[in-house]
Amino acid sequence: MSDSDEVMQAHAAFYEAFQSLDTEKMEGVWLQDQHIACIHPGWRKLVGWGPIMASWERIFDNVFEMSFELGEADLM
């Protein structure tokens with residue numbers, strides 16, 4: 001499998017987890033490390049597994065449905 005294929009699989013898994021509003025699925029797509037970072041639109045930068053997963057729990061607790069329509073990705 002090429003690096004491009006792996007990136008596309010990770011991309012698909014992230015959006016599947018996001019649409020499911022399932023914290024366990026979202027946990028499965030993030031590296032469990034203190035150095036990971038996430039910036040949600042309109043939020044400050046979050047660093048570390050705990051704060052990032054807590055943010056997804058907050059988002060999922062306050063949303064009833066999430067849907068994405070993904071197009072082709074170009075991984076130059």
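## Aromatic pairs

A search of the whole structure finds 6 aromatic pairs, where rings of Phe, Tyr and Trp (its six-membered ring) pair if their centres lie within 6.5 Å, and planes under 30 degrees apart count as stacked, over 60 as edge-to-face and the rest as tilted. One of them is edge-to-face: Phe-18 and Trp-56, at 4.9 Å centre to centre with 80° between the planes. This pair links distant parts of the chain, with Phe-18 in helix H1 (residues 3-20) and Trp-56 in helix H3 (residues 49-61), 38 residues apart. The rings of Trp-56 and Phe-60 have their centres 5.7 Å apart and their planes at 45°, so that pair is tilted. Trp-56 and Phe-60 are 4 residues apart in helix H3, so about one helical turn separates them.

Phe-14, Tyr-15, Phe-18, Trp-56 and Phe-60 form one aromatic cluster. Trp-56 counts as buried at 2% relative accessibility, as do Phe-60 at 7% and Phe-18 at 13%. Buried means under 20% relative accessible area, exposed over 50%, and partly exposed in between (1.4 Å probe, protein chains only).

## Basis of the model

This is a predicted model: local features need pLDDT of at least 70, side-chain atom pairs count only at pLDDT 80 or more, and totals for chains, interfaces and linings use all residues. Residues are numbered from 1 along each chain as its sequence is written, and side-chain values use heavy atoms, with hydrogens and water left out.

## His-40

His-40 lies in the loop between strand S1 (37-38) and strand S2 (46-47). Helices (H or I, at least four residues) and strands (E, at least two) are DSSP runs, numbered from the N terminus. His-40 is buried, with a relative accessible area of 6%.

Leaving aside residues up to four places away in sequence, His-40 touches Leu-46, Ser-55, Trp-56 and Ile-59; contact means heavy atoms within 4.5 Å. The side chains of His-40 and Ser-55 make a polar contact at 2.8 Å (a pair of N or O atoms within 3.5 Å; within protein, one must be able to donate a hydrogen and the other to accept it, and residues adjacent in sequence count only if both atoms are side-chain atoms).

## The chain overall

The chain has 3 helices and 2 strands, in the order α-α-β-β-α from the N terminus. Its C-alpha trace spans about 35 × 30 × 25 Å along the principal axes. Of its 76 residues, 21% count as buried. Among contacts between residues at least 6 apart in sequence, 39% join residues at least 24 apart.
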